[in-house]
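Let's take a quick walk through this one, starting with the whole chain and then moving in on the aromatic rings.

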Amino acid sequence: MKEEHDIIQQVYGAKEDVQAADQLIGDYMPFIKAETAKFLKRPPIEGHDDELSIAMIAFYEAIRGYSRMRGAFLSYASMLIRSRLIDHRRKEQRHSHQLSLSTPANEEETSLEDTLADERNHQEELIMRDATRAEIQELVGQMKEFGVQLSDVADNCPKQQRTLDACRKALQYARQTPELLEELLRTRRLPIGQLTAGSGVERKTLERHRKYMIALLLIYTNGYEIIRGHLKQVLKGVTAG
């Protein structure tokens, strides 16, 4: 716990101090390399793999964008590094072979674009699947600290539209109230009193759907970009940004 507290102090000190940020990046290069190696499935080579530079930039992004409400800094940095590396891989796939995609690949005039499409789609699907699995594992671990399981969330989900709308309203208020989210992360309990007073949603509604609300607040405040994207399609009317 003390180590995480020290890291957070260093991160806040590096937000507006470039030299402190450089020092922090240098101190955590083993971590950055390890995260890059997870993505590449091999150790990165300095001066050769662009992915290592992208991971370093993502770590700096994590420093600038971190707040205590996002939970553990290194978990947040890990998630941001993975997200930026996935974006880079997708861009590389889109631009690779750009000049020769229409060149016939065989006597039947099949283009290289046709022969590569399935391979690219399969590779991108594997990358997304791995990233999604990692996010889910991270979320499950964090929810466990709050005494919540995925099955609880499914069982605790509002069944009526009126109740769902009330939970949306409370969620929107919570996301706009940093001190409420900090209270949630500090105590590991949903601050129902504050949430009721600020959102106007009945206390009994929030108490009945406490585990559902905890899960959503963790998802929307801790960088779970892939999961948030799926939820955006489900929770109409709640901004996922």
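What does the accessible surface of the chain come to, and what share of it belongs to carbon and sulfur atoms? About 14000 Å², with 51% belonging to carbon and sulfur; such areas come from the Shrake-Rupley method with a 1.4 Å probe, and for residues only the protein chains shown count as cover.

A word on the ground rules. This is a predicted model, where local features need pLDDT of at least 70 and side-chain atom pairs count only at pLDDT 80 or more, while totals for chains, interfaces and linings use all residues. Residues are numbered from 1 along each chain as its sequence is written, and side-chain values use heavy atoms, with hydrogens and water left out.

The chain has 13 helices and zero strands. Helices (H or I, at least four residues) and strands (E, at least two) are DSSP runs, numbered from the N terminus. Of the chain's 241 residues, 42% count as buried, where buried means under 20% relative accessible area, exposed over 50% and partly exposed in between (1.4 Å probe, protein chains only). Taking contacts with a separation of 6 or more, 61% are between residues 24 or more positions apart; contact means heavy atoms within 4.5 Å.

Now for the rings. Searching the whole structure turns up six aromatic pairs. Rings of Phe, Tyr and Trp (its six-membered ring) pair if their centres lie within 6.5 Å; planes under 30 degrees apart count as stacked, over 60 as edge-to-face and the rest as tilted. Two of the pairs go in the table.

| Pair | Type | Centre to centre | Angle between planes |
|---|---|---|---|
| Phe59 and Phe73 | edge-to-face | 5.5 Å | 85° |
| Tyr66 and Tyr76 | tilted | 6.0 Å | 45° |

Phe59 sits in helix α4 (residues 50-65) and Phe73 in helix α5, 14 residues apart, so their pair links distant parts of the chain. Both Phe59 and Phe73 are buried. Tyr66 is in the loop between α4 and α5, and Tyr76 is in helix α5, so this pair ties together parts ten residues apart in sequence. Tyr66 counts as buried at 2% relative accessibility, and Tyr76 is buried too, at 9%.

Beyond neighbours within four places in sequence, His88 contacts Asp50, Glu51 and Ile54.
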